[in-house]
Amino acid sequence: MFVVSASQHGQHAVHSPSKFVVDVWLVIMRYLSVLDIVRLGSTCRTLHEFASLRHVWRDVLFQHRFLDQCYPHLRSCTAEDIRHQLKTAARLDHLWTQSSIVPKHLYTFPLDFPGVFQGLKFLPGGTWLVLLFHCRNLNPSRHSNLCLMKPSTGAGFPAVSTTFQSEMCWLPFLDQDGPYKSSRGDNLILLRTKCNDGSNAFGIVHLNTKIPSITIPLTFRTNMFVRNYAASGDYIVYGWITADRRHFLRIMQLNDNYDGFRKDMTVEIDCPKGHDGKLRIRYDLRLSGRVPCILLVSTRLMAAYNIPSNVPNSVDANLPPLLTPFWQLRPAAVTFGRFVKLFHEGAIVSLYEGQIRFIRPHLDASEPNTYVIEKYNFDPPRSQSSQWPCLFSAQRIFWRSSLHNQKGTTSPWQTTIETSAVPENVHREGRVLIDLQETQTSAPSASTRIVQDWDELSGRLCMRSIQSRFTQDPRCRKTTWRVTLVDFV
């Protein structure tokens with residue numbers, strides 16, 4: 001990289017980038033894309049030093065459309081880690097603009113465990129997986145077992161795993177359970193279960209990938225009828241409704257060791273009449289804005305409430321503070337539709353009139369009650385069902401599809417995976433993600449492959465396939481699993 005200027009003798013002189021003030025290059029980099037900054041830094045040693053500054057990549061991170069909000073822990077990472085993450089996101093965005101997507105690597109391994117499958121999820125980053133299962137042979141009391149594993153992805157990358165036997169029988173993973181990153185960058189999961197006395201029990205699981213190890217430093221119970229709950233960062237919240245239709249929330253903030261609460265407060269939220277009764281309610285925590293807040297989501301109302309910071313822990317339970325919403329959204333019709341998923345710091349996904357809608361609240365906007373709704377249609381349209389074989393992420397959609405094979409093949413059906421990026425106010429068609437080169441003799445609905453999880457940070461997809469033995473007699477059926485990891489970058 002050089003600059004050419006005219007000299008007094010009519011000749012041209014070449015000036016090194018070091019002759020210019022660094023602030024000039026920093027201003028130029030603000031107008032460049034991630035890949036352009038990488039190319040600029042590879043031209044010479046001086047520009048490489050300028051392009052390696054941490055605040056350069058922090059500025060790019062803050063301007064990114066979702067990374068800074070959905071993954072706040074990136075703000076405290078090194079410049080190299082932020083740079084690597086932004087490059088991965090840029091490459092994924094470029095791939096999803098192509099007419100067809102070809103994976104870079106595929107890894108398949110058996111998942112053989114003597115128990116009942118309860119959940120399998122990526123840890124943020126896509127390198128580690130956490131498995132929840134029940135096994136009476138390992139644990140006669142039918143308590144849960146957690147397995148933290150790092151699959152082998154080739155020569156020189158051996159597999160690592162550790163198993164933890166819990167003292168409680170936890171329910172299967174849900175979307176709001178995690179895994180998620182704390183404010184210190186640790187991997188946490190919130191587990192929950194029903195006790196014999198009717199109470200609800202929650203447990204904080206710390207997944208340490210450095211040792212590796214699994215611990216449950218904190219468990220707590222409540223006798224309230226919990227309508228729903230959410231966990232993100234260092235916060236945990238759950239809500240209930242009293243007999244006189246008052247809506248309460250318990251807001252807890254974990255301490256540094258995750259074995260207690262730094263803050264534990266109970267508040268009442270102001271809900272309009274008709275929205276605090278029997279409607280299904282979900283919560284979401286939005287911690288990346290100017291003030292941490294709670295998002296209440298129901299089929300007829302969305303409302304955001306700021307988390308108070310000056311409520312003492314010894315507040316009178318009979319007179320909790322009343323929180324009023326600073327942001328509200330009501331559906332244009334009777335309802336928002338059926339909610340499919342809520343993403344921390346991202347969108348609320350709903351099904352309405354055959355469309356998938358991504359509703360994105362803008363809680364920090366200068367104008368009140370600002371939002372964006374993005375719509376997507378499947379082609380061909382499928383019926384609205386909670387058993388839809390789809391995987392929704394904040395930026396992409398994956399679903400199974402079965403296509404007719406060519407003539408002369410042994411099976412008329414071929415299983416494929418289709419995907420599409422989340423549209424930005426435009427309609428996009430689904431595209432074939434990968435041809436699994438597998439055939440089946442039964443109808444397409446009998447496919448046993450499941451799109452299990454997607455990690456946006458690494459661009460890795462997890463698929464789980466079922467292999468059953470003794471299928472002619474369900475009483476002696478044995479199920480084994482195979483997991484396929486698909487890398488795109």
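Two strands are taken as paired if DSSP finds at least two bridges between them. In this predicted model, four bridges join β21 to strand β22 (residues 348–352), and the two strands run antiparallel. Within this pair, leucine 342 stands opposite isoleucine 348 of β22. Both strands belong to an open sheet of four strands with the order β21-β22-β23-β24 and antiparallel pairing. The edges of the sheet are formed by β21 (338–342) and β24 (370–376); each has a single partner strand, so one side of each is left without a neighbour in the sheet. On average, and with direction ignored, neighbouring strands of this sheet are turned by 25° against each other.

Another open sheet of four strands has the order β16-β17-β18-β20, and its pairing is antiparallel. Its edge strands are β16 (281–286) and β20 (327–329), each of which pairs on one side only. Strands β17 (residues 293–298) and β18 (residues 302–306) run antiparallel and are joined by five bridges. Isoleucine 294 has tyrosine 305 in β18 as its bridge partner.

Antiparallel pairing is also found between strand β10 (residues 200–208) and β11, over eight bridges. A hairpin of four residues connects β10 to β11. The bridge partner of leucine 207 is isoleucine 214 in β11. Strand β11 spans residues 213–222 and contains threonine 222. Threonine 222 has a relative accessible area of 6%, and it counts as buried because this value lies under the 20% cut-off. Its side chain makes a polar contact of 3.3 Å with the side chain of tyrosine 238. With neighbours within four places in sequence left aside, threonine 222 is in contact with Ser199, Asn200, Phe202 and Tyr238.

The largest nonpolar core has 25 residues, of which Met29, Trp57, Leu67, Tyr71, Leu74 and Leu86 touch the most other members. Two or more residues are given to this core by each of α1 (22–29), α2 (34–41), α3 (45–51), α4 (54–63), α5 (67–70) and α6 (79–95). Leucine 67 touches Leu61, Leu74, Gln85, Leu86, Ala89 and Leu457, when residues up to four places away in sequence are not counted. Another core, of 20 residues, lies apart from the largest one; among its members are Tyr235, Cys271, Leu301 and Ile307.

An α-helix has 3.6 residues a turn, so residues three or four places apart point the same way. In α1, the residues Trp25, Leu26 and Met29 are buried. They cover an arc of only 105° around the axis, which puts them on the same side of α1. The buried residues of α1 pack against α2, α3 and α4. In α2, the buried residues are Val34, Ile37, Val38, Leu40 and Gly41. Seen down the axis of α2, these residues fall within an arc of 160°, so they line one face of the helix. The cover over the buried residues of α2 includes α1, α3, α4 and α6.

Technical notes:
Residues numbered from 1 in each chain as written. Predicted model: local features only at pLDDT ≥ 70, side-chain atom pairs only at ≥ 80, totals over all residues. Heavy atoms only, no water. Axes fitted to C-alpha atoms, helices over the stretch in contact; angles between N-to-C directions. Core = buried A, V, L, I, M, F, W, Y, C linked by side-chain atoms within 4.5 Å. Buried < 20%, exposed > 50% of the residue type's maximum accessible area, 1.4 Å probe, protein only. Contact = heavy atoms within 4.5 Å. Polar contact = N/O pair within 3.5 Å; in protein donor to acceptor, adjacent residues only side chain to side chain. Arc of directions from axis to C-beta.
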